[in-house]
Amino acid sequence: MSAAMQKSNFSLEHGPEKHIDDDGRHKRTGTVVTASAHIITAVIGSGVLSLAWAIAQLGWVAGPAVLFAFSFITYFTSRMLADCYRAPDPITGKRNYTYMDVVRAYLGGRKVQLCGLAQYGNLIGVTIGYTITASISMVAIKRSNCFYKHGHGVGCHTSNNPFMIIFGCIQIVLSQIPDFSELSWLSIVAAVMSFAYSSIGLALSIAKVVGGAHARTSLTGVVIGVDVTSTEKIWRTFQAIGDIAFAYAYSTVLIEIQDTLKSTPPENKVMKRASLVGVSTTTLFYVLCGCVGYAAFGNDAPGNFLTGFGFYEPYWLIDLANVCIAIHLIGAYQVFCQPIFAFVEGWCHDRWPNNKFISDEHLINIPCVGTYHFNSFRLVWRTTYVVVTAIVAMIFPFFNDFLGLIGAASFWPLTVYFPIEMHIVQARLKKYSLRWTWLKVLSYACLVVSLIAAAGSIQGLITALKSFKPFMSQS
């Protein structure tokens, strides 16, 4: 991203700007609270409601163990990545604005292109996946009311496409928010929503257990010959491990979040505290929802016990939970697409610096909000991106299976490999020293996890393709 782009003002202003940071950009205002909200919004997706299914595949022993293991790995590597925001010194060094900039500063070479491919491929995949998931939650509200009126035996099937269009229209408006630093309010709202629907799901599961439900559970999860075949057990185990590993990943946006923080106290220290808050909070909800959900549903746990109708009553509470899911995904979409917007706009500004369509801004005074810097290219490009992601979501309704493959391909390099390699360079660890050795072992172990999860996702894709019908998605 060019220096000109970095210094230009893409923000909503409430008055004359009086201060700038050490890099010439406007003063950053982010705190541990806003960073924690961004992390929670990015990490706690509606996938928390599918963790009961994941625990059901692994059982009471391996399920919680895998949850805690990946929470530790994610927090451990996020601390390393936070120290790389500035280079070469984590406190006084030069700022790096994106993950690619960080990799370029510490590793360089083809690894920068590998990082960009993994990061932006993952971000694009997530935004498409969120379009699908949000529409499923919206449809679930309509179906819940239908079940209430006509009984649980009625299909109440509804097309997801109109709701994808509604979600896309909302995102076209929100995508005009100029940059990541303006998203704090939306992330806080989204984080509150994630707590709300997770708590509702947890409360309904507890009520089911207390109400005398005797679900069949086991130490090793679903039973071969009773619930699944031996082949299905293997594939489901692979998918469950991958789902849990990817459920914690937020490294794709960590540097962008850190770039919103005030320079005092040091950004790396604030980011580490925010990571601790975010990962700890996430782990608490994951363990509660996963384990209590498994206790409630046992080996028959649905993929999502709110949109998959593990519960039917009280219908109004199910509706409220799905409204919260949809609102959360509206905010989460923005957290993941803003780095894509910034990358493309920065590249275009570098490529055509004198193009007025790309660089010219017009000041628009918005009552009660402030002065908005309108840019024609930003409007056209961001609107086009949202429209394209919505169309892809409608064409490929099984895209969430493909998203699992994208997650498998990006989890190891972005969450584990690059943070560890950059830490080795930054700390100047000697080759074959004790710390160097066990960091490498951790990296290769996570590579194995990515590979087996990718295998599980490919198997799921093959199954989904057998019944593939474009623009025919319905719940």
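Student: In this predicted model, which helix holds valine 189?

Tutor: The model is a prediction. Within it, valine 189 belongs to helix H7.

Student: Is valine 189 buried, partly exposed or exposed?

Tutor: A residue is buried under 20% relative accessible area and exposed over 50%. Valine 189 has 35% relative accessibility, and therefore counts as partly exposed.

Student: Which residues make the nonpolar surface patch of about 320 Å²?

Tutor: Two helices, H7 (184-210) and H11 (315-351), each supply at least two residues of this patch. The patch is made by Trp185, Val189, Val323 and Ile327.

Student: How many disulfides does a search of the whole structure find?

Tutor: A disulfide is a covalent bond between the sulfur atoms of two cysteines. For cysteine 348, the closest cysteine sulfur is that of cysteine 337, 16 Å away and so too far for a bond. For cysteine 446, the closest is in cysteine 84, at 17 Å, which is also too far. The search of the whole structure finds zero disulfides.

Student: Is cysteine 446 buried or exposed?

Tutor: The limit for a buried residue is under 20% relative accessible area. Because cysteine 446 has a relative accessibility of 2%, it counts as buried.

Student: Which residues does isoleucine 244 touch, not counting residues up to four places away in sequence?

Tutor: Isoleucine 244 is among the residues that touch the most other members of the largest nonpolar core, which has 119 residues. With residues up to four places away in sequence left out, isoleucine 244 touches Leu51, Ala54, Leu58, Gly63, Val66, Leu67 and Phe70.

Student: Which residue forms a salt bridge with glutamate 267?

Tutor: The closest N and O atoms of the pair are 3.0 Å apart. The bridge links distant parts of the chain, from helix H10 (residues 267-297) to strand E3 (residues 94-95), with the partners 172 residues apart. The partner of glutamate 267 is arginine 95.

Student: What is the N to O distance in the salt bridge of glutamate 421 and lysine 440?

Tutor: This pair links helix H14 (residues 399-427) with helix H15 (residues 434-465). Glutamate 421 is buried, at a relative accessible area of 10%, and lysine 440 is buried as well, at 16%. The N to O distance between their side chains is 2.7 Å.

Student: Which residues are linked with Asp21 in a network of salt bridges?

Tutor: Aspartate 21 meets lysine 27 in a salt bridge at 3.7 Å, N to O. Aspartate 21 is buried, with a relative accessible area of 6%, whereas lysine 27 is partly exposed at 43%. The residues linked with Asp21 in the network are Arg25, Lys27, Arg28 and Asp259.

Technical notes:
Residues are numbered from 1 along each chain as its sequence is written. This is a predicted model: local features need pLDDT of at least 70, side-chain atom pairs count only at pLDDT 80 or more; totals for chains, interfaces and linings use all residues. Side-chain values use heavy atoms; hydrogens and water are left out. Patches are made of residues with over 30% relative accessible area and no salt bridge: like charges are joined within 9 Å, nonpolar side chains (Val, Leu, Ile, Met, Phe, Trp, Tyr) within 5 Å. Accessible areas come from the Shrake-Rupley method with a 1.4 Å probe; for residues, only the protein chains shown count as cover. A salt bridge is a side-chain nitrogen of Lys or Arg within 4 Å of a carboxyl oxygen of Asp or Glu. Helices (H or I, at least four residues) and strands (E, at least two) are DSSP runs, numbered from the N terminus. Buried means under 20% relative accessible area, exposed over 50%, partly exposed in between (1.4 Å probe, protein chains only). A disulfide is a pair of cysteine sulfur atoms within 2.5 Å. A nonpolar core is a set of buried Ala, Val, Leu, Ile, Met, Phe, Trp, Tyr and Cys residues joined through side-chain atoms within 4.5 Å. Contact means heavy atoms within 4.5 Å.
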